[in-house]
Amino acid sequence: MADTPQRRRRVLRQHVLTDALLGVWAVPQGDASPSVTPPSLPADESLPPAAAAAPVALDSLDAPAAPAAAIVAPAKVAVLSLEEKIKELDAIDRNQVRSCALCELCRSRTQTVFGEGDPDAAIMFIGEGPGLNEDQQGRPFVGRAGELLDKMILAMKLSRSQVYIANVVKCRPPENRTPTPQEAAACWPYLRRQIQIIQPRAIVTLGGPATKLLLNTTTGITALRGSWHQVQGLGPNGAAIPVMPTFHPAFVLRQYTPETRGKVWSDLQKVLELLAPTPAPGSASAPGIAPTPGSQ
Ligand code: URA
Ligand code: SF4
């Protein structure tokens with residue numbers, strides 16, 4: 001895209017507006033952000049209200065040409081140590097994803113983009129697929145959409161290194177087109193295993209393709225965002241993991257209205273509420289999520 005003065009002005013304006021809305025006044029540089037404290041997480045496994053919305057049959061999404069059994073996880077998933085998580089994620093990336101040719105997208109990639117972040121992260125963000133910058137650098141969300149995602153994460157008082165970021169497909173679709181359902185299904189076992197290893201307390205799906213894949217639905221993002229759903233079977237001992245769909249940062253950049261940005265921020269706040277410490281039994285109103293009827 002040509003770097004014209006008009007474009008530069010638009011980008012600058014978007015930065016200022018995002019900062020104003022999200023209360024973000026600095027973008028994290030690189031991965032280090034030692035001054036940011038992650039939210040402390042409750043020890044229990046309570047699920048959000050209304051989480052039962054979508055019964056999911058994820059096995060139906062397995063690609064017919066599903067890759068080797070090595071990445072198909074057992075039904076009951078062990079909780080791994082950080083070292084085990086790092087080792088297993090690295091092995092899947094090196095031994096399987098980098099040489100993967102399970103779908104057409106292997107032909108157009110420069111390199112695969114596995115995902116990155118804290119293998120013990122409480123929050124996992126799932127995007128659509130690598131774009132030009134990601135394909136060149138081998139890292140997810142490093143272009144303009146990534147800058148906005150960084151700001152969203154920073155507004156949650158977290159840094160990139162404290163969350164985990166992955167995509168539906170690990171190879172760049174030509175012309176940045178949306179991955180086909182077949183490509184998403186072919187790549188799903190990798191993402192599923194990433195989720196099972198990391199076992200985040202909440203997943204944020206960014207945009208339609210990630211939301212459709214995880215919730216096994218054809219319903220559009222506009223109808224699904226802002227309320228809790230769940231992906232079955234990938235949490236500790238096969239538990240469900242709460243899923244909050246929100247708009248993709250690239251869509252937000254195209255529809256740069258206060259409404260769109262406000263909706264995304266409201267979705268992220270729901271995630272923070274879910275992860276906030278719950279009041280100790282018997283204590284008066286402590287900060288965190290108010291217990292919701294039926295959520296026990
Ligand atoms: N958009 C995505 O969905 N993923 C990336 O990694 C970059 C842009
Ligand atoms: Fe393999 Fe996924 Fe790349 Fe397709 S997109 S070739 S399934 S790694």
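The following dialogue goes through several features of a predicted model.

Student: What should I know before reading the model?

Tutor: Residues are numbered from 1 along each chain as its sequence is written, and chains are lettered from A and ligands numbered from 1 in the order in which they are written. Local features need pLDDT of at least 70, side-chain atom pairs count only at pLDDT 80 or more, totals for chains, interfaces and linings use all residues, and side-chain values use heavy atoms, with hydrogens and water left out.

Student: How many helices and strands does the protein chain have?

Tutor: Helices (H or I, at least four residues) and strands (E, at least two) are DSSP runs, numbered from the N terminus. Here there are 9 helices and 6 strands.

Student: Is K85 buried or exposed?

Tutor: Buried means under 20% relative accessible area, exposed over 50%, and partly exposed in between, with a 1.4 Å probe and protein chains only. K85 has 6% relative accessibility, so it counts as buried. K85 is part of helix α2, residues 82-97. Contact means heavy atoms within 4.5 Å; beyond its neighbours within four places in sequence, K85 touches L80, P119, D120, I197 and I198.

Student: How do I read the packing of α2 and α5?

Tutor: Two packed helices are described by the angle between their axes and the distance between the axes. Axes are lines fitted to C-alpha atoms, for helices over the stretch in contact, and angles run from 0 to 180 degrees between N-to-C directions. The axes of α2 and α5 (residues 181-198) come within 10 Å and cross at roughly 170°. That makes the two helices roughly antiparallel, a label for angles over 145 degrees, while under 35 is roughly parallel, 65 to 115 roughly perpendicular and the rest oblique. From α2 the contact takes K85, E88, L89, I92, Q96 and V97, and from α5 Y190, R193, Q194, I197 and I198.

Student: Which residues are closest to the centre of the largest pocket?

Tutor: On a 1 Å grid over the protein atoms alone, a pocket is an open set of points with protein on both sides within 12 Å along at least five of seven lines, and lining residues have an atom within 4 Å of a point. The largest pocket holds about 910 Å³ of space, the volume being the space filled by probe spheres set on the points, which are joined across faces, edges and corners. Of its 29 lining residues, A145, N176, H248, A250 and R254 are the closest to the centre. Helix α8 gives the most to this lining, with 4 residues.

How values were computed:
On a 1 Å grid over the protein atoms alone, a cavity is a set of points where a 1.4 Å probe fits but cannot get out, and a pocket is an open set with protein on both sides within 12 Å along at least five of seven lines; lining residues have an atom within 4 Å of a point.
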